Amino acid sequence: MKKLLPIILALIGTGAGVGAGLFLMPAQEEQHAAVDCVVPTEEVAHETVEEEVKDGPAEGSEYVKLSNQFVIPVLGPDQVNALVVASLSIEVPYGSTEAVYSFEPKLRDVMLQVLFDHANIGGFEGAFTSGERMDILRSSLLDAAHGVLGKQVSDVLITEIARQDV
């Protein structure tokens, strides 16, 4: 009897759950086809308003997000003190996306070296997101990108950056 009671309770619970699910299931709504259509009798005037986008890419360029984040260790005297995680995007002319992706391993290598050098000189210590420090980092990353892809790279964007102390 002791072994039979849990099986009976499980069956009752399962049955109650299935019954409640069927009872509470939303009703199927029938699809009605549109029968009456009204044809407009007057001409509709269309206006186009050109809006200038100030924060978008420059005309004729696009952003290519590098596929993975960069993880940079911040070293102390004897150990890793923190980890910095950054996501980068590259601004290039339209149609250059495939070129960026084909050179991505080399591009990631040189950018990771720049990020390591920035960490080694203390760039990720203290207020590491201050404007001056971020400008220095962006400039260094842009120089590295020019070394791989040439002058078709117009900017390097740091889309995400975070520091986690260990």
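A polar contact is a pair of N or O atoms within 3.5 Å, where within protein one atom must be able to donate a hydrogen and the other to accept it, and where residues adjacent in sequence count only if both atoms are side-chain atoms. The model on your screen is predicted, so local features need pLDDT of at least 70 and side-chain atom pairs count only at pLDDT 80 or more, while totals for chains, interfaces and linings use all residues. Residues are numbered from 1 along each chain as its sequence is written, and side-chain values use heavy atoms, with hydrogens and water left out.

Select Ser-61 to begin, and you will find this residue in strand β1, residues 61–65 (strands, E, of at least two residues and helices, H or I, of at least four are DSSP runs, numbered from the N terminus). Now show Glu-91, whose side chain makes a polar contact of 3.1 Å with the side chain of Ser-61. Ser-61 counts as buried because its relative accessibility is 6% (buried means under 20% relative accessible area, exposed over 50%, and partly exposed in between, with a 1.4 Å probe and protein chains only).

Next, select Leu-107, which is among the residues with the most contacts inside the largest nonpolar core, a set of 30 residues (such a core joins buried Ala, Val, Leu, Ile, Met, Phe, Trp, Tyr and Cys residues through side-chain atoms within 4.5 Å).
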